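Please look over the following model and its sequence before reading the briefing below, which is grouped by topic.

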Amino acid sequence: MLSIAWAMGQPPQGGQAGAPDIFMSFLPLMVIFIIFYFLMIRPQQTKAKAHREMLAAVKKGDKVITTGGIYAVVESVDESTVTLKISENVKVKFGKSFITTIRGSHDGD
């Protein structure tokens, strides 16, 4: 009879009160996601935005480096392609996104 009375009573204050809170169980996952966002996702988005802005600013006469490491000079720019002059009488058409860097005018050829 006494055990039934204990089972029906209130749980002690500050003690174990059944299942843990659902928010507290997901808290470590949320913290890990926030850390990944600020350490990996956000810098990558910033870098991609800077690359898009650089590609939008490519113009004829710019010295560029492609993803394959080819140093060239921009001959013409289209919507999604660029024609690059690699050497005398050698012009190659590339996708605009394959330009990685615009070299400064002070860089050597």
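Which residue in β2 is the bridge partner of I65? The bridge partner of I65 in β2 is Y71, and this pairing belongs to an open sheet of five strands that is described below together with a nonpolar core and an aromatic pair. This is a predicted model, in which local features need pLDDT of at least 70 and side-chain atom pairs count only at pLDDT 80 or more, while totals for chains, interfaces and linings use all residues. Residues are numbered from 1 along each chain as its sequence is written, and side-chain values use heavy atoms, with hydrogens and water left out.

**The sheet**

- The open sheet of five strands has the order β4-β3-β2-β1-β5, with antiparallel pairing; strands are DSSP runs of E with at least two residues, helices are runs of H or I with at least four, and both are numbered from the N terminus.
- Its edge strands are β4 (90-95) and β5 (99-103), each of which pairs on one side only, where pairing requires that DSSP finds at least two bridges between two strands.
- Neighbouring strands of this sheet are turned by 45° against each other on average, direction ignored, with axes taken as lines fitted to C-alpha atoms and angles running from 0 to 180 degrees between N-to-C directions.

**Strand β1 and its partners**

- Strand β1 (residues 63-66) pairs with β5 in the antiparallel sense over four bridges; K63 has R103 as its bridge partner in β5, and V64 has I102.
- With strand β2 (residues 71-77), β1 pairs in the antiparallel sense over three bridges, and these two strands form a hairpin with four residues between them, where G69 in the turn has a positive phi of about 85°.

- Leaving aside residues up to four places away in sequence, V64 touches residues including A72, V74, L84 and I99, with contact meaning heavy atoms within 4.5 Å.

**The aromatic pair**

- The structure holds one aromatic pair, formed by Y37 and F38 in an edge-to-face arrangement with 5.2 Å centre to centre and 85° between the planes; ring centres must lie within 6.5 Å, and planes over 60 degrees apart count as edge-to-face.
- Y37 is partly exposed, with a relative accessible area of 29%, and F38 is likewise partly exposed, at 47%, a class that lies between 20% and 50%.

Key: Phe/Tyr/Trp six-rings, centres within 6.5 Å; stacked < 30°, edge-to-face > 60°. Buried < 20%, exposed > 50% of the residue type's maximum accessible area, 1.4 Å probe, protein only. Core = buried A, V, L, I, M, F, W, Y, C linked by side-chain atoms within 4.5 Å.
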